Amino acid sequence: MKYKRILLKLSGEALMGGRQYGIDPKRLAEYAYEIKQITDKGVEVAIVIGGGNIFRGVAGASKGMDRVQADHMGMLATVINGLALQSALEDAEIPTRLQSAIKINEVAEPFIKRRAIRHLEKGRVVIFGGGTGNPYFTTDSAAVLRAIEINADVILKGTRVDGIYTSDPEKNADATKFDFISFDDVLRKGLKVMDTTAFTLSQENELPIIVFDMNKAGNLLKVVSGESVGTQVNL
């Protein structure tokens, strides 16, 4: 395996599968199978998951809700998704721990860096819920922050598309895909990979990002094995 310790970033919308909202158990089981393929090979896996399938703070704020309160609702949505993914992983016999940036001791451990790293070293998957614990920060920012804290080798951003394109491939048939691209080029071309705060944090800490299609069976294993799948963002 090319990477020993990874941070996998999943969007909340990915858990919807074919539904309009909520969580699709079939999609959870598919993801659990993909993750088991790499944990069986000794890869240490941490996961950050969004909450957009349940509630998105920015959307709530745009409709007149207090932004801080809306973001707190979004954080709770990520914990719900984390619990669902934890259940799916444990059904696949993968030992999993859920850590939350906001204290919900009855359902999740508090985030403690040393404890998270110890779980990873023992072969457990660690899911980080609750975002960063602060309003105004996205789960992309949480993913980069946690990846840096646990000394991950790479951030793998699982999406619906198979990499970074010159424009949205779902809207523009002429869009072309990058196999490799630098952080500077992403910023210069105005490409949307992550929000600017998260992306800059990753760049400053020289943490590579790979954007790939998580919904294609076998892709996660290929990426971790070092095969050319998706788009790699590097210095």
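1. Let's start with what Lys 9 touches. Leaving out residues up to four places away in sequence, Lys 9 is in contact (heavy atoms within 4.5 Å) with Val 48, Gly 50, Thr 139, Asp 140, Ala 143, Leu 156, Lys 157 and Gly 158. Keep in mind that this is a predicted model: local features need pLDDT of at least 70, side-chain atom pairs count only at pLDDT 80 or more, and totals for chains, interfaces and linings use all residues. Residues are numbered from 1 along each chain as its sequence is written, and side-chain values use heavy atoms, with hydrogens and water left out.

2. Is Lys 9 buried or exposed? Its relative accessibility is 5%, so Lys 9 counts as buried (under 20% relative accessible area; exposed is over 50%, partly exposed in between, with a 1.4 Å probe and protein chains only). Across the protein chain, 51% of the 235 residues are buried too.

3. Lys 9 sits in strand E1, residues 5-10. The chain as a whole has eight helices and 11 strands (DSSP runs: helices are H or I with at least four residues, strands are E with at least two, numbered from the N terminus).

4. Lys 9 also turns up in the UniProt record: an unreviewed entry has a "binding site" annotation that includes Lys 9, Arg 56 and Asp 168. The annotated residues spread over 160 residues of sequence and, in space, up to 25.0 Å between C-alpha atoms. Such annotations may be inferred rather than shown by experiment.

5. For the overall dimensions, the C-alpha trace spans about 50 × 50 × 35 Å along its principal axes. Of the contacts with a separation of 6 or more, 71% join residues 24 or more positions apart.
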